[in-house]
Amino acid sequence: MVPAVRVSFYDANELKPQVSWIPNKHYSGLYGLMKLVLPGALPPDLARVIVLDTDVTFASDIAELWALFAHFSGVILLWLDRLRQAGWEQMWKLTATQELLTLPATSLADQDIFNAVIKGHPALVQPLPCVWNVQLSDHTLAERCYLEAADIKAIHWNSPKKLRVKNKHVEFFRNLYLTFLEYDGNLLRRELFGCPSPRPPEAEQLQQALAQLNEEDACFEFRQQQLTVHRVHITFLPHEPPPPRPHDVTLVAQLSMDRLQMLEALCRHWPGPMSLALYLTDAEAQQFLRFVAASEVLSARQDVAYHVVYREGPLYPINQIRNVALAQALTPYVFLSDIDFLPAYSLYDYLRASIEQLELGSRRKAALVVPAFETLHYQFSFPTSKAELLALLDSGSVYTFRYHEWPRGHAPTDYARWREAQAPYRVQWAVDYEPYVVVPRDCPRYDPRFVGFGWNKVAHIMELDAQEYEFLVLPEAFTIHLPHTPSLDISRFRSSTTYRDCLQALKDEFLQDLSRHYGAAALKYLTALQQPEAP
């Protein structure tokens, strides 16, 4: 059994001076030498570690490797306290200095130094069985190992070519690697067997809450989905944080696999930073990687941060996904959008200018409303100005958003006033209002109880109002919804009375919590929601 996992973080930049004096030709650069300084960099009370390259594929339980510590005295399973006692830092530096007298530069990074130390101090080493390091370089001799072995424990893609290495058995190993990548990671949560270590208090509380659910409850799926703790991979692809700017805005949105086609168009419309959370299976995550790699538009954008929330459960945890994207935004302000909307080409610059002109910040708590429109045409010439948008609106090519199905959601924006507006104007909250807004990054998070379709944005706007945000409609801003096939959740909402009843139960619980939190200030929401709808 591997003991409870301990994660140590250190700044590689602080360690670079310890190895930067070593000439190195390895493609990993200075980072390929970092293993040499681990005994000194890691906490003194940490006795043993497993050190892995990121190009290793495990085909067995890592606990088996940990068990080999009983036979070890050093690397690459590092017995840190013994290495420290042996004077490791002085030993490797002295050896490296001697080697570099005849070696112009290391070609295998730290491995050259390790090899030289081992040659001079063979007692430090306990060899690993070859099945724990089946190397797949161009000229590997690993075939001698795996053709005689009963099974393989770890595959090491130790060639700069990685999966493109030339090896007569590479197809087998590549398929093994790709199959593992697409394996359902939720099955790797070994909570039922082989992991007897005590659970943290929050895990126990969650387990108790799940145990209290009644599977006969018609809303069991909703309750279970709310309590699901998803695996999350923050910054799934390389990302460059935006430079600090006082009025900068990050577009925040969430999406699933069936909306990937929106990404390129969104990147063309929004030149600023984005934080996007994707709800994917493990297999879809690999498809997403290939999708980005094949796109010149997406692969060129380093200011778009992608965060993967791994799929688990029958309902779409929309607000949990939104909160992941929102939490990772790095600019002072965020534009809370949806993936099936394209913002005006000028919106990014216009929002930053508006934030500065309106002097938003600690002195003024405001939510800037970006009026929403929609088109029913798949082939659509996007307007480049408000004047062009109004012409499309008058011709029937564009409508105010959900005018035919759900006018209450955006009616308070007052589109008639917006047509003539030259300056921002204030509007009041109303029942079911759900505009797309720009708010400070530290705004309230979305209520995670809302899963599937319905009221997920409405509840958030209501909480903004309860916290006394003023809603200011921007006269030159707009965003347009593009048509797409309905999601599974909206189809279930439309067809299932039980689904709608469960959503109503979530609404009632939310309002009760709102009343408890905001007291008398929340009475207006209860009163407004009790009013009959206008004919």
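Serine 275 has alanine 305, in strand β9, as its bridge partner. That pair belongs to the contact between β8 and β9 (residues 304-310), two strands that run parallel and are joined by seven bridges. Two strands count as paired here if DSSP finds at least two bridges between them, and strands (E, at least two residues) and helices (H or I, at least four) are DSSP runs, numbered from the N terminus.

A word on the background: this is a predicted model, in which local features need pLDDT of at least 70, side-chain atom pairs count only at pLDDT 80 or more, and totals for chains, interfaces and linings use all residues. Residues are numbered from 1 along each chain as its sequence is written, and side-chain values use heavy atoms, with hydrogens and water left out.

On its other pairing, β8 meets β7 (residues 249-256) in the parallel sense, over six bridges. Here tyrosine 279 of β8 is the bridge partner of serine 256.

How many residues of β8 are buried? Seven of the seven in this strand (residues 274-280) are, where buried means under 20% relative accessible area, exposed over 50% and partly exposed in between, with a 1.4 Å probe and protein chains only. In a regular strand the side chains alternate between the two faces of the sheet. In β8, Met274, Leu276, Leu278 and Leu280 point one way, while Ser275, Ala277 and Tyr279 point the other.

Nine strands make an open sheet of mixed pairing, ordered β6-β9-β8-β7-β10-β16-β12-β17-β15. Because β6 (232-233) and β15 (425-427) each have a single partner strand, one side of each edge strand is left without a neighbour in the sheet.

A second open sheet, also mixed, has three strands in the order β2-β5-β4. Its edge strands are β2 (56-58) and β4 (134-135), each pairing on one side only.

| Strands | Sense | Bridges |
|---|---|---|
| β7 and β8 | parallel | six bridges |
| β8 and β9 | parallel | seven bridges |
| β2 and β5 | antiparallel | three bridges |
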